[in-house]
Amino acid sequence: MQSKLLTWLGLSFRLFKREFGRGELTVIALSIVLAVSSVMALSSLTDRVQASILMKSAEFLAADKDLVSPTEIKKEVYEYAESLNIRTDKHIYFSSMAFAGDKMNLAVVKAVTQNYPLRGELFIEPLNEESEIFKAKGPEVGNVWISKRLYFALGQSSQIDVGEGTFAVSGIIDAEPDAPFQVFNSGTRVIMNINDIPKTEVIQPGSRVTYAGLFAGEPQALEELESWVKPQLSESQKFRGVKEGASNITSSLERAESFLMLAGVLGVLLAAVAISVSARLYSQRHLDSIAIMKTLGASVRQVQVIYLTQLCLIAVVSILIGLVVGSGLQNIALISLAEYLPKDIPDIGYRPFVVSIVTGFVCALMFSVPALLKLFNVPPLRVLRRNLGDGVSSSISAQAIMATTTIGLVWFYSQDIKLTGIVLGAGLVLSVLIILVSRLLLVACRSASKRIDNPSLKLAIASLQRRSKENVSQVIGFTLAIMLVLILFSLKNSIIQEWQEQIPQGAPNHFIINISQQNIEKIEQRFSEKGIQPEQFYPIIRGRLTQINDEVLKQKRPEEADDGAKFKGKGEFDDNSETANKTQEQANKDKEEARNRLWT
Amino acid sequence: MNKDALPALVANNISKTVILSNSSSNNADAEKKITIISDIELSIEHGESVAIVGASGSGKSTLLGLLAGLDLPTTGAIEFYGKQIQILDEEDRAAIRRSDIGFIFQQFLLVPSLTALENVMLPAELSDNNEIRTKAKENAQKWLDKVGLSHRLDHFPNQLSGGEQQRVAIARAFITEPKLLFADEPSANLDSVNGHLVEDLLFELNKSANTTLVLVTHDPALAKRCEKTYIIKDGHLSLQEVPKPKLADVTPIQKAKQDAK
Ligand SMILES: Nc1ncnc2c1ncn2[C@@H]1O[C@H](COP(=O)(O)OP(=O)(O)OP(=O)(O)O)[C@@H](O)[C@H]1O
Ligand SMILES: [Mg+2]
C-alpha cells in the first residue's frame, strides 16, 4: 500500500517537474507568490508597527496593565496575578513636603517595590559625579532617588525628610519610564521604597493618595486577570492597559491595517482570476493525459493523488517563496519608514505567517479545484471520442465557491463587516450589470450574425457565445479588482483626511514651558538669533471652569480626559514660581493633550 | 486452467443508443435517439486474434469502447473471462483495465509531458501488482528495446516520429502483460512503411506473448492477418465466413526496422 502511494507520488513529482517552469503551472505559482507575498508584507508590516507602538506605550506605563485606585488594592489581586505567572509591582502616589535642613519643597512622591519598572528602564545618576549613570530597579529601603530639580531646590543635600521619615538620597533620577507627561509637572519628584511608607506617616485618613497595582506578563494571562478583576472594581477604580492608554494611535493603526489588508485583497483577487484562468487552461490541456491514465486503469483516487499532489507542491513552493518575498518587502518598507518608527521593532509574530499561509492554500485550492474537479471527471472514453469532456467551463457551483471565497477573504483581512458588505454589495450589483450587458451584447451579435455573410466573423461570434460564461466570470473578476482599487483610493483619502483633522491647522511641533516672566525676553532673543518664529507666549494658570455662559459644567471629569499622570496623582501641582525650562518633543497625541491642558 | 477454458470476451446481444442533445434547438421534445450499434453477438477465445472491420462511422470504435469497458452498453451483457462487466462501476472496470487490458490507439495517445520510458512505465506504475510496480523501469526498458527504441528512452513524444510514438504505445500496451489487447486503427495515422512496421511488431509481440487481440480497422489487408474477422455494417455485426490462411508470413522485425530507417 505504501509503496503504491510512493509510486504515485513519484509519478506526480515527475509530471510536476516537467510542467513547472513552463505554461500554466508557472502562472499559478506566480499568482500564489503574488497573493502570499502581498498579504505577508502588509500584515507583518502592520503587525510589527502596531506591536512596537504598543511596546513603547507599555514603557510609558512601566507595565502592560495597571489598576489604579484611591484605596488600597486587595492583596488577592496580586495573588491571583502571580498565580497566572504575571509579574506585579505596587505603587503609591502622594505629594508631601520634603525637607532638608532649612530648605523645603513640595515633592511628588512615588513609592514602588523593587520590581519596578516592569516595562521600560529606569536610569539613575549617582551623586558623586565620577560614577556612571546606571540602570536600576526600585530603591532599597531607607533610600530615595529624587529629581535633579528637587535636589537643587533642597540645597544638594544627601539626606531628606519626607513626612516623619528620613531618607538617604542615593541618586538622581535620569530617566523614568512612567514619568508623567511633564507639562505641568514641577519636576520635584521622589521615588522611594513602598516599605518606607509607614515611616513617613503621611498616609492618614482623608489624605490624597493614589494606589496602583502594575502587571506585566503574557497577553492571555493578562486577559484572564482582566476578566477576573473587572467585575470586582468599584466606580473609582480603573483597570487599564496600554491599548486604552494609546487609544488614539491604536485605532488609527487598526484602520490603517484594515486599509492595507484590503490592498492585500486586491493582490489576492488578481491572483484568484489568474489562478482560475490558468487552472482551466491547465485542465483543458491535461484532459487527454487523464483520459489516457484512466483508460490504462487509473482510478479516480490515483488521478486525484497525482494531480492534487502537484497542486500542493506548487502551493508549498510558492507559499515559501511568497513568505520570503513578502518579508523582504516588509523589511524594505520598514527601512524606508525607519525615520517615523521606534528604533527597536519587535520580530514578526506568528499571525502574519498564519494569515499568508492560509491565503496561499485558499488561493491554490479554492480557485483551481473547480477546474481540477472537472478534470478528474473526464470520462476515459475520451480516448475514442476525442471531444468528450471538452470545454472545462466553470459551473455555477464552482463560481459560487470562488465568489464565497473572495468575500470570505475580504472579511478575513478587513475584519470589518461593513466593509465586507460594501464589497459584496458592489460586487453583486456589478456582476448583475456585467451579466446583463454581456447578454444584451450577445443577443445583438446573434441577430447581427444572421445578416452577416462573413464566415470568419460568424465563427468568432459563435465561439464568443460558446464561451460566454467563462468570459463573463473573468470580466467580473477583473471588474471587482478595479472596483477594489477605487475603494482603496477613496478610503485612502478619507483616512488621511481623518488623520489630518485630528491635528489643528498649524499645530506647533515643539513646546517650551515653565518660562518665568524675566526669561521671556532672553528666550525671544535666542529664538530670533536662531531664526525661529515662535507662536505667541501664553501665561499658564491653573483653574477650574464651572460654567460656560449659562451652561453649568459637570463636576466630574469625563473619563477620556483622564490621562495616566493626572489620575495617578502625579503632576498635581503647578509650580509656576519655579524657573526651570523644559523643552518637549512629543508625538502628536501628546501635543494634543498638551494643548487641551493649556487651554483649559 | 479453468479460466483459460473460458472465452476471453463474449458479447450478448449488446446495443448502444445515444441521445442527441442539441442545446441550440428549442423544442425539447425533439430529442433524437440514435442507435449506433444493436444486436451484437460475438465470442472471442483466449489467445485468438480478431479483426473488426467496417466503414467509417459504422460503429467500430463504439463497439471497442464497450468491449473494453470504457463505456456501458444500453442493453445486453459483456463477459470478460466469465465476469459481467456492464454491471460494474467505473472504478471496478478501471481495475480490470489496469490488470488485464492493453490499448493501442490510432492517435498514439502518449502523455506528452512524460518521456518514452516514463510513458511505457505508466501502466506498470498504476498497477496493483507489487512486482510489476517495482520492476516498472526495468521492464519498460526491456519492452522499448523489443520495439527497437532503446536509444530513445528520454525523448518526449513530440520529439518522436509517428511510427516511433506508436511503437512506444505498443511497448506500453505490453508492459503489464495483459490478457486482452485492443487496437483501434493502429496504423491508420502512419505512412505505409511505418504502418507495416507497427503492424508486424504488433502481431509478432502478440504471438510471443500469447495475448488475445481485438483489432479495429477499415483495412481488409490488415484484417486478413487476424484469425477471425467480424464485419460491422449499419450497426450490425457479422462474422466473415470465408476461411483464410493463418497469419500471413510476418516480415522479420529486424528487416522492418531497417526499412524504417
Ligand atoms: N455519443 C454520441 N453522440 C452522438 N453520436 C455518436 C455518439 N457516439 C457515436 N456516435 C456516432 O456513431 C457513429 C459511429 O461512431 P464510431 O466512432 O464508433 O465509428 P467508427 O466506425 O469508429 O468510425 P471511424 O472509422 O471513422 O473511426 C458515428 O456516426 C458517430 O457520430
Ligand atoms: Mg473509430
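How do the residues of the shell around ligand 1 divide into nonpolar, polar and charged? They split into 5 nonpolar, 6 polar and 3 charged. The model is predicted. Residues from chains A and B surround ligand 1, so the site is shared between chains. The contact between the chains draws 29 residues from chain A and 33 residues from chain B.

**Ligand 1 and its shell**

- Ligand 1 is surrounded by 14 residues. The closest are B:Ser56, B:Gly57, B:Lys60, B:Ser61 and B:Thr62.
- B:Thr62 places a side-chain N or O atom 2.5 Å from an oxygen atom of ligand 1.
- Three elements of chain B give two or more residues to the shell: β1 (9–20), β2 (32–44) and α2 (60–67).
- The most comes from α2(B), with 3 residues.

**Interface between chains A and B**

- The size of an interface is often given as the accessible area lost when the parts come together.
- Here the area buried between chain A and chain B is about 2,700 Å². Carbon and sulfur atoms give 63% of that area.
- Chain A and chain B are linked by 4 salt bridges.
- A salt bridge joins A:Arg14 and B:Glu118, with the closest N and O atoms 3.8 Å apart.
- Polar contact between chain A and chain B involves 10 residue pairs, both residues being at pLDDT 80 or more.
- On the side of chain A that touches chain B, α1 (2–19), α8 (247–295) and α9 (300–337) of chain A each supply at least two residues.
- Which element gives the most to this side of chain A? It is α1(A), with 9 residues.
- The residues on this side of chain A divide into 13 nonpolar, 8 polar and 8 charged.

**Salt bridges over all chains**

- The count over all chains comes to 26 salt bridges.
- A:Arg285 pairs with A:Glu19 in a salt bridge, the closest N and O atoms being 2.7 Å apart.
- A:Arg285 lies in helix α8 of chain A and A:Glu19 in helix α1 of chain A, so the pair ties together parts that are 266 residues apart in sequence.
- Both of these helices, α1 and α8 of chain A, also supply residues to the side of chain A that touches chain B.

**Backbone features**

- Most residues other than glycine have a negative phi, and most peptide bonds are trans.
- The peptide bond from A:Tyr116 to A:Pro117 is cis. Its omega is near -10°.
- Where does A:Pro117 lie? It is in the loop between β3 (103–112) and β4 (122–125) of chain A.
- B:Asn13 has a positive phi, near 50°, and is a residue other than glycine.
- B:Asn13 sits in strand β1 of chain B.

Conventions: Residues are numbered from 1 along each chain as its sequence is written. Chains are lettered from A and ligands numbered from 1 in the order in which they are written. This is a predicted model: local features need pLDDT of at least 70, side-chain atom pairs count only at pLDDT 80 or more; totals for chains, interfaces and linings use all residues. Side-chain values use heavy atoms; hydrogens and water are left out. Contact means heavy atoms within 4.5 Å. Buried area is the accessible area (1.4 Å probe) that two parts lose on being put together, summed over both. A salt bridge is a side-chain nitrogen of Lys or Arg within 4 Å of a carboxyl oxygen of Asp or Glu. A polar contact is a pair of N or O atoms within 3.5 Å; within protein, one must be able to donate a hydrogen and the other to accept it, and residues adjacent in sequence count only if both atoms are side-chain atoms. Helices (H or I, at least four residues) and strands (E, at least two) are DSSP runs, numbered from the N terminus. Ala, Val, Leu, Ile, Met, Phe, Trp, Tyr, Cys and Pro count as nonpolar, Asp, Glu, Lys and Arg as charged, and the others, Gly among them, as polar. A residue is near a molecule or strand if one of its heavy atoms lies within 4 Å of it.
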